[in-house]
Amino acid sequence: MQFDDNASLDTSEVRDERGSRIPGGGATVGGGIVGIVVLVVGLVFGIGPDQLGLSSGGDGSAPSSSSAAGVEQACRTGRDADTKDDCRVVAVVNSVQDFWAQESGRRHVAYTKAPTVLFTGRVNTACGDATSEVGPFYCPADRTVYLDLGFFGDLRTKFGASAGPFAQAYVVAHEYGHHVQDLQGTLGRSQNGLTGADSASVKTELQADCYAGVWAHHATTVKDESTGRPLITSLTEADVRDGLDAAAAVGDDRIQEEFQGRVTPDTWTHGSSAQRQQWFGVGYRTGDMARCDTFR
């Protein structure tokens with residue numbers, strides 16, 4: 001996965017709150033998904049939960065990152081996105097939102113951009129206080145994506161995924177899939193509290209996976225607003241396999257087998273590894289969001 005070295009990144013779409021202090025939380029500390037209970041619940045990059053209030057742990061696996069100056073100063077061009085995780089997040093957010101704005105315009109519907117907040121350990125949201133243990137998530141109450149970059153280290157060390165650049169992009173694109181669902185008015189289908197392999201929660205998550213695949217299909221042709229050229233210049237089949245690997249790593253069945261020793265489909269919230277790969281593949285092969293009707 002390569003970016004246009006000379007493209008300018010729009011850091012206004014990403015708020016960098018790493019290292020900030022929050023009420024009751026003290027100085028934030030390194031994040032990481034460390035609670036087995038949380039893993040079994042399956043809150044792994046999804047919709048903002050009723051926050052669990054768990055303390056953050058940290059596993060010492062820091063991702064490649066910009067200086068303490070934050071993304072606003074350190075993430076200037078596509079060249080920065082090729083080498084730093086946080087700058088790559090900025091670039092992917094730019095590309096994903098450019099795509100959905102253009103796709104929405106083609107369908108004659110409005111698209112409202114949503115910010116991504118980078119945090120470390122703990123963060124305040126309109127959905128409540130969140131810790132890194134819940135994984136990346138989208139909060140519909142403030143229409144914002146929240147991401148602790150330490151999750152990419154967790155993908156490697158706790159979930160066994162390669163977690164390369166496109167796996168990271170897939171995580172971001174999945175969250176923006178939830179934002180699209182929110183704008184469509186379909187996100188509320190998952191809020192009935194029911195779980196299980198055939199639940200609305202699982203169907204909502206699988207549709208977000210499919211929407212991530214739709215963006216990936218178009219990623220190298222989406223024109224950047226500032227340059228008129230695609231921000232992403234190269235996306236290989238190896239990159240796509242990296243994304244599929246990440247999708248499989250966070251399937252409910254794989255997480256349950258790893259952390260509780262048995263698979264209980266009645267408690268699924270996100271779908272199996274095979275389902276997550278399947279629906280990302282549907283979006284990637286077709287590039288058509290109309291093919292992402294997981295509720296049908």
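**Close-up views of helix packing, cores and aromatic pairs**

**View 1. Helices α7 and α10 pack against each other in this predicted model.** Helix α7, which covers residues 200-218, and helix α10, which covers residues 273-286, meet at an angle of about 35 degrees, and their axes lie 6 Å apart. The crossing in which α7 passes α10 is right-handed. On the α7 side the contact is made by V202, L206, D209, C210, A212, G213, V214, A216 and H217, while α10 contributes Q275, R276, W279, F280, V282, G283, Y284, R285 and T286.

View 2. The residues E237, V240, L244, D245, A247 and A248 of α8 meet S273, R276, Q277, F280 and Y284 of α10. This contact of α8 with α10 is made up of six nonpolar, two polar and three charged residues.

**View 3. The largest nonpolar core of the protein has 66 residues.** In soluble globular proteins, nonpolar side chains tend to be buried together. Within this core, the residues with the most contacts are M1, W100, L155 and W215. The elements that each give two or more residues to the core are α4 (85-106), β10 (144-147), α5 (150-157), α6 (165-184), α7, α8 (237-249) and α10. If the neighbours of L155 within four places in sequence are left aside, L155 is in contact with G160, A161, A163, V171 and V250. A second, separate core has eight residues, including V117, F119, V134 and C139.

**View 4. F159 and F259 form one of the aromatic pairs of the structure.** A search of the whole structure finds 10 such pairs. The ring centres of F159 and F259 are 6.5 Å apart and their planes stand at 65 degrees, so the pair counts as edge-to-face, the cut-off for that class being an angle over 60 degrees. Because F159 lies in the loop between α5 and α6, and F259 in helix α9 (residues 252-260), the pair ties together parts that are 100 residues apart in sequence. F159 is buried, with a relative accessible area of 5%, whereas F259, with a relative accessible area of 22%, is partly exposed.

**View 5. F166 and F280 form an edge-to-face aromatic pair.** The distance is 6.3 Å centre to centre, and there are 65 degrees between the planes. F166 belongs to helix α6 and F280 to helix α10, so this pair ties together parts that are 114 residues apart in sequence. F166 is buried, at 0% relative accessibility, and F280 is buried as well, at 1% relative accessibility. Ring pairs link F166 and F280 with Y170, W215 and Y284 into a cluster.

**View 6. The whole protein has 10 helices and 11 strands.** Of its 296 residues, 55% count as buried. When contacts with a separation of 6 or more are considered, residues 24 or more positions apart account for 75% of them.

How values were computed. Residues are numbered from 1 along each chain as its sequence is written. This is a predicted model: local features need pLDDT of at least 70, side-chain atom pairs count only at pLDDT 80 or more; totals for chains, interfaces and linings use all residues. Side-chain values use heavy atoms; hydrogens and water are left out. Axes are lines fitted to C-alpha atoms, for helices over the stretch in contact, and angles run from 0 to 180 degrees between N-to-C directions. Helices (H or I, at least four residues) and strands (E, at least two) are DSSP runs, numbered from the N terminus. A crossing is left-handed if the near helix is turned anticlockwise from the far one by less than a right angle, and right-handed if clockwise. Contact means heavy atoms within 4.5 Å. A nonpolar core is a set of buried Ala, Val, Leu, Ile, Met, Phe, Trp, Tyr and Cys residues joined through side-chain atoms within 4.5 Å. Buried means under 20% relative accessible area, exposed over 50%, partly exposed in between (1.4 Å probe, protein chains only). Rings of Phe, Tyr and Trp (its six-membered ring) pair if their centres lie within 6.5 Å; planes under 30 degrees apart count as stacked, over 60 as edge-to-face and the rest as tilted. Ala, Val, Leu, Ile, Met, Phe, Trp, Tyr, Cys and Pro count as nonpolar, Asp, Glu, Lys and Arg as charged, and the others, Gly among them, as polar.
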